[in-house]
Amino acid sequence: MLSRDRIVAAALDLVDAEGLEAVSTRRLAAELGVSGPSLYNHVATKEELIDSVVDAVLGEVDTSMFTRLGADDQDWRAALAAWAESYRATLAAHPNIVPVVAQGPGRRANALRIADAVFGGLVAAGWPRREATRVGALMRYFITGSALGSFAGGFPDDATVYEGNYSHLDQAHLLADRQQEINESAFAAGLQALLDGLELRYRAMSGSGRDAGTRVP
């Protein structure tokens with residue numbers, strides 16, 4: 001039986017395999033073995049369908065760690081780390097949706113759920129509201145940016161490309177074969193650096209009173 005969930009699942013399979021541009025009413029109808037017009041009983045437009053696909057993927061992102069933050073548990077750093085890893089793993093499994101995710105939550109329920117959980121958890125752990133907004137934005141920039149492509153995978157594996165003109169890149173042709181290792185270690189290093197910096201910012205605000213956090217540039 002045709003249903004919205006079945007249509008969204010089929011569209012996600014197409015996006016994962018071929019990209020967002022592969023999704024069309026004709027293609028989906030063929031994949032599902034139905035007539036094109038029957039799809040419109042469940043999804044009105046392609047834009048609505050893409051939003052539903054993206055939101056279904058974002059439903060895989062774990063935010064449960066933020067619900068435990070509060071007066072008795074202020075380990076916001078561990079919560080941010082666990083969330084970042086879950087978010088990145090979700091996007092890594094569905095890289096073709098990342099450009100849409102990077103545009104912002106829009107009206108997508110799961111995207112708004114994530115934003116609400118992160119913001120609420122940070123405020124409960126003692127971050128001023130304005131600072132919590134900045135932290136949430138910073139983390140999302142980092143996570144979605146890291147999922148947009150592979151740094152190591154972008155280098156040609158032909159050593160002759162670098163010979164003569166790029167003396168410091170004499171090993172760059174080896175990067176492509178190690179892209180997963182490099183991508184993962186770079187994400188881990190970047191996440192730790194971000195959290196270290198946020199820890200210093202949090203301590204500075206705590207030392208001068210939490211309300212003073214709004215004066216941090």
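Visitor: Which residues does Leu 112 touch, not counting those up to four places away in sequence?
Guide: Leu 112 touches Pro 105, Gly 106 and Arg 107, with residues up to four places away left out. Keep in mind that this is a predicted model.

Visitor: Where is Leu 112 placed?
Guide: Leu 112 sits in helix α8, which runs over residues 109–124.

Visitor: And how exposed is Leu 112?
Guide: Leu 112 has 40% relative accessibility, so it counts as partly exposed. That class lies between the 20% and 50% cut-offs.

Visitor: How far is Leu 112 from Asp 55 in space?
Guide: Their C-alpha atoms are 9.6 Å apart. Along the sequence, Leu 112 and Asp 55 are 57 residues apart.

Visitor: Let's zoom out. How many helices and strands are there in the protein?
Guide: The protein has 10 helices and 0 strands. Its pattern along the sequence reads α-α-α-α-α-α-α-α-α-α.

Visitor: What radius of gyration does the protein have?
Guide: The protein has 21 Å, while a compact globule of 217 residues would be near 17 Å. Along the principal axes, the C-alpha atoms fill a box of roughly 65 × 55 × 25 Å.

Visitor: How much of the protein is buried?
Guide: Buried residues make up 40% of the 217 residues.

Visitor: Give me a buried one. What about Trp 76, where is its place?
Guide: Trp 76 is in helix α6, residues 76–93. Its relative accessible area is 2%, so Trp 76 is buried.

Visitor: What is Trp 76 in contact with, leaving aside neighbours within four places?
Guide: The list includes Leu 69, Leu 122, Ala 125 and Trp 127. Leu 195, Leu 198, Glu 199 and Tyr 202 are also in contact with Trp 76.

Visitor: How far is Trp 76 from Met 1?
Guide: The C-alpha atoms of Trp 76 and Met 1 are separated by 45 Å. Along the chain, Trp 76 and Met 1 are 75 residues apart.

Visitor: Now Thr 144. Buried or exposed?
Guide: Thr 144 counts as buried because its relative accessibility is 6%. Thr 144 lies in helix α9, residues 129–147. Leaving aside neighbours within four places in sequence, Thr 144 is in contact with Leu 91, Val 98 and Val 101.

Visitor: And Gly 154, where is that found?
Guide: Gly 154 is in the loop between α9 and α10, and α10 covers 179–207. With a relative accessible area of 58%, Gly 154 is exposed. Gly 154 and Gln 179 are 9.0 Å apart, C-alpha to C-alpha, and 25 residues apart in sequence.

Visitor: Switching to records. What does UniProt list for residues 1–61?
Guide: The unreviewed UniProt entry lists "domain: HTH tetR-type" there. In the model, residues 1–61 are 66% helix and 0% strand. The end C-alpha atoms of residues 1–61 lie 28 Å apart.

Visitor: Which residues does the "DNA-binding region" annotation cover?
Guide: UniProt, in an unreviewed entry, gives residues 24–43. Over residues 24–43 the chain is 60% helix and 0% strand. The end C-alpha atoms of residues 24–43 are 12 Å apart.

Visitor: Last topic, charges. How many positive and negative charges are there in the protein?
Guide: The protein has 20 positive and 28 negative charges. The mean positions of the positive and negative charges are 9 Å apart.

Technical notes
Residues are numbered from 1 along each chain as its sequence is written. This is a predicted model: local features need pLDDT of at least 70, side-chain atom pairs count only at pLDDT 80 or more; totals for chains, interfaces and linings use all residues. Side-chain values use heavy atoms; hydrogens and water are left out. Helices (H or I, at least four residues) and strands (E, at least two) are DSSP runs, numbered from the N terminus. Buried means under 20% relative accessible area, exposed over 50%, partly exposed in between (1.4 Å probe, protein chains only). Contact means heavy atoms within 4.5 Å. UniProt positions are given in the numbering used here, feature names are shortened, and annotations may be inferred rather than shown by experiment. The radius of gyration is taken over C-alpha atoms; the globule rule is 2.2 Å times the number of residues to the power 0.38. Lys and Arg count as positive and Asp and Glu as negative; His and the chain ends are not counted. The place of a charge is taken as NZ of Lys, CZ of Arg, CG of Asp or CD of Glu.
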